[in-house]
Amino acid sequence: MPSAWSIALVGVLAVALGLLLWVVAHSLPYVYNVDEYANFVPAAVGFFSGDFNPHYFINPPAFSYLLHAVFALWYGSGWPFHTGAEVSDAHAIHPSAIFTLARVTSAALGVGAVSLVHATGRRLYDPRVGLLAAAIMATAFLPVYYSHLALNDVPALFPLMLSVYGSAGVLVRGRTRDYLIAGAGLGLAVATKYTAGIALLPLLAATASRVHDDVSPRHALRGLAAAGALALAAFLVANPHALLDFSEFWSDVRKQERSAGDLGKLGQTYDSGFVYYLWVLTWGLGWVPAIVAALGLPVVLRHDFRRALFLLPWPLVFVLYMGLQDRYFGRWLLPALPALALLAAVTAVFAIDRVRAGPQLRVVLLAAAGLLLAGQGLVYSVHLDRVLSRDDTRNLARAWMVDNVPPGSKIVVEPIVPETWTTDPGRPPPLSRSGRRWEKFLTTRTTIDEQGHKRRGNVGRTIEVEDYERITRPALVGAYERGGYCWVMIGSTQYGRALA
């Protein structure tokens, strides 16, 4: 018969899975997140051409390779020698199915990460810590939201936590297999998301503790060397062209580093990355777990210095490094959230243990602590899923325009939609960037240049997303009117940024 702890864990994982899969097909057949639309799913489909070099390393390709395998297995047999015709057709003509499959894959890895948070808390402390930390991660707004998208942010949490779980085993037992688990997880984490390399810190802390405590420090050093070798091997298996095409790989890595450190994002409303990420914690993780985790720093230090050395540098160094960058996004904080969830859980359990109470009352206190720590995240995540379950306003606008805007009318659409938005679902997208037509009413591609002059066909300059606000001004309204553009569609993702 399963224990009460096992039943409780199954309940937490069921809640996590429900929150992640509730609206897995939101907004489809159109994909409005720029990175989701342009990066991992198209790359996974492109590998069916036989060229497995992504030629793009600003984001590492491990998640794309995983999706490639998932698509091949789902759509037909014969992988890795699958021709991919069904996958290419699905991506071009029926994108809802393939993006839903990719999002389910992301969600499954998110649930897996929650289970590893539980296992790590249990290994470091006890089942109560693991359960509370898992409840926080299962409901927190930031991981729940990004589990709804086919991006690498949440999938990277799975190998990150696999590494941390192995490092926790190094700390408490020091077995060789724990070093190997930590190393393999670390390599896969970096191959999925570069910032997930923060998992190196718990491994180093655990090894330092073993060197200090073991009768023979050589075993710890050999274990660390083995972990490092396996991390490198796992990274290259999941990102082989980092070695095979090193110059392009290194160029893109440097480009990503420069874009994060030298170029502020247009529309940012915070001048300090530190202040921004502290603000993100209030809604991305929740006020209560963030405050409890902060209060727990001295508690953890006083209770067990070795475990404190394992847990504390991980989020502190991460926030310090990311806060020094000029560009910042809420999702970039995700690799630090499991550590903060564990710190909040440890602090709550320590507080419960200081209460003189019987076993039944302790169970009640534990349940109350879980509600306090996960309550805000649960409310926010349920609200999120209810909003996403409604028809996307961009889909509604498109349907209204198809029904009400006369055929042949000239329109202006801000850069708030993907190119596939100009084609009907079930039809293949246009093959040419010039002369494409929107079924029913878009005839000729016409652009307005920076001086407000009308240009037709495949001439003039393409306005990138972040350049759009830089040329927008009232005079363009007159230019639109003179050019016969009587329909204009705007969106908050552009005018909100412009106003900021």
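Me: Which residues have the most contacts inside the largest nonpolar core?

Reply: They are Phe71, Leu160, Trp314, Leu333 and Leu337, in a core of 108 residues. Helix α18 (residues 337-353) gives the most to this core, with 13 residues. The structure is a predicted model, in which local features need pLDDT of at least 70 and side-chain atom pairs count only at pLDDT 80 or more, while totals for chains, interfaces and linings use all residues. Residues are numbered from 1 along each chain as its sequence is written, and side-chain values use heavy atoms, with hydrogens and water left out.

Me: What makes a set of residues a nonpolar core?

Reply: Its members are buried Ala, Val, Leu, Ile, Met, Phe, Trp, Tyr and Cys residues joined through side-chain atoms within 4.5 Å. Buried means under 20% relative accessible area, exposed over 50%, and partly exposed in between (1.4 Å probe, protein chains only). Of the 500 residues of the chain, 48% count as buried.

Me: With what is leucine 160 in contact, leaving aside its neighbours within four places in sequence?

Reply: Leucine 160 is in contact (heavy atoms within 4.5 Å) with Gly185, Ala189, Ala196, Ile198, Ala199, Trp314 and Pro335. Leu160 is also among the buried residues of α9.

Me: Why is α9 said to be largely enclosed by the rest of the structure?

Reply: Twelve of its 16 residues are buried, so the description holds. Among them are Leu157, Pro159, Met161, Val164 and Leu171. Just after α9, glycine 174 takes a positive phi of about 75 degrees.

Me: How do you know that the span of helix α9 agrees with its number of residues?

Reply: The expected span is 1.5 Å times one less than the number of residues. For the 16 residues of α9 (157-172) that gives 22 Å, and the end C-alpha atoms are 22 Å apart, so the two agree. Helix α4 (residues 62-75) has 14 residues and reaches 20 Å, close to the 20 Å expected. Helices here are DSSP runs (H or I, at least four residues), as are strands (E, at least two), numbered from the N terminus. The chain has 23 helices and four strands.

Me: Against what do the buried residues of α4 pack?

Reply: They pack against α3 (40-46), α5 (85-93), α6 (95-124), α10 (176-192), α12 (217-238) and α13 (241-244). Phe71 is one of these buried residues, which also include Phe63, Tyr65 and Leu67.

Me: What makes arginine 331 and aspartate 35 a salt bridge?

Reply: A salt bridge needs a side-chain nitrogen of Lys or Arg within 4 Å of a carboxyl oxygen of Asp or Glu. Here the N to O distance is 2.5 Å, so the pair meets the definition. Arginine 331 lies in the loop between α17 and α18 and aspartate 35 in helix α2 (residues 34-38), so the pair ties together parts that are 296 residues apart in sequence. Arginine 331, at 13% relative accessibility, counts as buried; aspartate 35, at 25%, counts as partly exposed.

Me: Why is lysine 193 called buried?

Reply: Its relative accessible area is 10%, and the cut-off is under 20%. Lysine 193 forms a salt bridge with aspartate 153, the closest N and O atoms being 3.1 Å apart. Aspartate 153 is buried as well, at 4% relative accessibility. Asp35, Asp153, Lys193 and Arg331 are linked in a network of salt bridges.

Me: How many salt bridges does the structure hold?

Reply: It holds twelve. Another pairs arginine 103 with glutamate 36 at 2.8 Å between the closest N and O atoms.

Me: Why does isoleucine 291 count as partly exposed?

Reply: Its relative accessibility is 43%, which lies between the 20% and 50% limits. Helix α15 (residues 273-303) supplies the largest share, four residues.
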